[in-house]
Structures are given as C-alpha cells and as structure tokens.
Amino acid sequence: MRRLKISHKASQRIEAGHVWVYRGETRDELGADALEQVLLCDERGRLLGSALVDANSPVPIRLYSRKEQLFDVQFMQERVSEALAWRRTLAIGNSTGFRLIFSEADGLPGLIVDRFGGALAMQFTMRNYDVLSPDLMQAIENELMPVTLNSAVVEQDGERRLLTGAIEAATASYLLNGLELQADLLNGPKTGAFLDQRENYLIVRNWAERLCATGSALDLFSSSGGFALHLAQVVKHVDAVDSSPQSISTIAENAKRNSFENIKAIRADVKQFLRGLGQARRRYECVVVDPPAFAKSAQQKAEASRAYYDLNLRALAATASAGLFITCSCSRAISEADLLEIIRQAAAESRRTLTILEKCRQSHDHREVVNIPETSYLKCLVFRLNQ
C-alpha cells in the first residue's frame, strides 16, 4: 500500500479517534476516480493507520485500522464477527429486524447492513465493497447460522439492486418486538424500513399504557407504522398519518398482519392535517412527531430549527391536557439540547407546561462511538403535558 500524507488538522482528528479525512486534507491530490487502500501518515511521515480511498465518496478517505493492515477477506470476516457478537449481547429479544453493521461504528467504514428476517439490506457508500460483496454475504451467513437468508439487496449511489434471491423475496417479513412487519428492500425507506426506534417504541408504549390507555393516539410521519402498531396494543384508537401512498399501504398491511382493527392509516400532508385539527379543535391523548431529517448539513440548521418549531407548535396544540407528547429528530445538525430548546419555545408560545419523562436515543444496534459524532443522530424526547 502506498503512503498518503494528510494535513495537520486531519492528523489531529484521526489521533483523537475519528476516522474521516476530507477532500483537500491530503498532501497529494487524489485521482478523479481513485479506489484503493492506503497507509495514512502525518506531515512528518509517522504512520496513523490504514484507510480505504474512494474519490467518488462524499468522504473520500476513511480509516479502518490504526496499524498497517490489508482490508482483505480475512479482515472483513473478523470485523463482521465482532459486529454480530455485539448484537448478540443486546436485548434485541423477539426481533428479527435489526442493524447488523453500522459503518464506522463497527470498524467497516462505508458499509451498512440491516437484517429483515430472512433478508439482508446492504448499503455501500464506498465502492471498495463491490468486489468483496460475495465474501461479505458468506461471512454474514456464517455468523447467522442456522438462519437461512432468502435474499439480499444492495444500495449504491442511490440505486438498489437485488444481489441474491428472487424479486418477491425482496419484500421481507420480520419481527420487531414481537410484532410482524413488512419491509420493501427495493423501494422502502432507508434500507427497507426504519429500525432505529426499536427500544423507543417500547418506552412510548409503556408510558401510553400508564397515562392514556383509555384515549386515542396520533402518529405523525408514521412511515411503516412503528409507533402506531405499538400504541395500538394499549390505547383505544390510533390515527397514523403519512403523505406517502406506499407508507399508507404498508401501515394498513402491518395492522392487518397483527390483527389490529384500531389503526386508521391516513394519507395527508402532516402540516395540513395539523392545521385541520386546529380548526376543528380536536386533541389526542398521545401525539408522536417523528419527521424525516430536516437538516442534511450544518448549513441547514437554522432553517431546520424553524421547521421543527412550527411542526412541534402545531403538534402540541393537538395534544390533550395531561396527555403524552413525543417528539423526535434524526437530523445530526440538531442536538438534543437544540431540540429541547425548540420544545421550550413552542411550549412557551402555546402556554403549555411539559414534564420530561424520558430522553431516548437510537437503538443500541445503531451503536454510537463518542469519538465519531456522526454515529449519533437520533433524539426521541417523551413529555407529559401538565393539566
């Protein structure tokens, strides 16, 4: 492997535990289509570790080892084994849908792998994995035995393709906290469905059972109905709202699979739906706000903050006194402190007082590494409105 010198700033970042080197932080320019493994060195030539290079990736250089080491089949198999060993220590319980590999957090930068029952969804944000994908599949199958995998889908550059199995098998059934759900690996959100709220679904369900079991719930931006399905176990009725026709179909199918007759899937723009609730002065005993990321970068933070404020202000108005209010953000640029301040402002504007019940994060299989802030992104805050 050739040696690649990086800037002092990048070296400091790597030595502090991060693994990314950005464009313009190397002494030698990368080729327009560079795809290789390199040894990273500081400006004095001191070895910092081994890295993958993909000049077409948003982050073109990513460290995978802090010593001189080839990224070969054996190395990948070892990292896959370590990643799945960690998942086996978690309280995943009766779930067959969870994240197997979370990129940099599992020492396999640029790679995400989710399991949905007998199907795998893989996302490559670096082309280095293309040639290794058959070996990656084999390594995962070996770790999952005796589970039989029926299909695997790969996403790269925003396009998904079937790697193994039949087209029909790309629509997978999986268990999430004992509920049977469906994921569309070729067309669904994220890698097929959202898995990062698994523990939070249970937390919210438990609070709803204690505080509003006789009431109704509203799940905004419901997607495949994760919150709605869990709430339907303990409340009288749930309205699940999403603007996507595919999501509405998936919510209805998931409700049917679990024999829930108290979920109504509503296709609507969330902002317009909340405006209609305000005009009708209708309120729910439990309201969940789980929107897509409003800020894709730090430059969008101010605009996103305004959008979160407006959304939460309207959602608070739809929450009954002494009701349960849950708000989430998956925007990395919006911190937990930022989201709390947004809720404080919305509560003050609406003249409502809230008690914090829980501050939740992403599921433990989406592991967070403190030295790599980008591995932390999901915030879920649970409140009770004072009477």
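Me: Why is Leu385 called buried?

Reply: Leu385 has a relative accessible area of 0%, and because buried means under 20% relative accessible area, with exposed set at over 50% and partly exposed in between (1.4 Å probe, protein chains only), Leu385 counts as buried. This is a predicted model, in which local features need pLDDT of at least 70 and side-chain atom pairs count only at pLDDT 80 or more, whereas totals for chains, interfaces and linings use all residues. Residues are numbered from 1 along each chain as its sequence is written, and side-chain values use heavy atoms, with hydrogens and water left out.

Me: Where does Leu385 lie, and which residues is Leu385 in contact with beyond its neighbours within four places in sequence?

Reply: Leu385 belongs to strand β19 (residues 379-385), where strands (E, at least two residues) and helices (H or I, at least four) are DSSP runs numbered from the N terminus. Taking contact as heavy atoms within 4.5 Å, and leaving aside neighbours within four places in sequence, the partners of Leu385 include Leu316, Phe325, Arg352 and Leu354.

Me: What makes strand β8 largely enclosed by the rest of the structure?

Reply: In β8 (residues 119-124), 6 of the 6 residues are buried, so the strand is largely enclosed by the rest of the structure. Ala119, Ala121 and Gln123 point one way and Leu120, Met122 and Phe124 the other way, and all are buried. In a regular strand the side chains alternate between the two faces of the sheet.

Me: How do you know that β8 pairs with β7 and with β9?

Reply: Two strands pair if DSSP finds at least two bridges between them; β7 (residues 111-116) and β8 are joined by 6 bridges and run antiparallel, while β8 and β9 (residues 151-156) pair in the parallel sense over 6 bridges. Asp114 has Ala121 of β8 as its bridge partner, and Leu120 has Ala152 of β9.

Me: Why is the crossover from β8 to β9 called right-handed?

Reply: The β-α-β crossover, which passes from β8 through helix α3 (residues 133-144) to β9, is right-handed, a term that applies if, with the strands pointing away from the viewer, the path from the first strand over the helix to the second runs clockwise.

Me: What makes a set of residues a nonpolar core, and which members of the largest one touch the most others?

Reply: A nonpolar core is a set of buried Ala, Val, Leu, Ile, Met, Phe, Trp, Tyr and Cys residues joined through side-chain atoms within 4.5 Å. In the largest, of 42 residues, Phe116, Leu231, Ile263 and Ile326 touch the most other members, and helix α5 (residues 226-232) gives the most to this core, with 5 residues.
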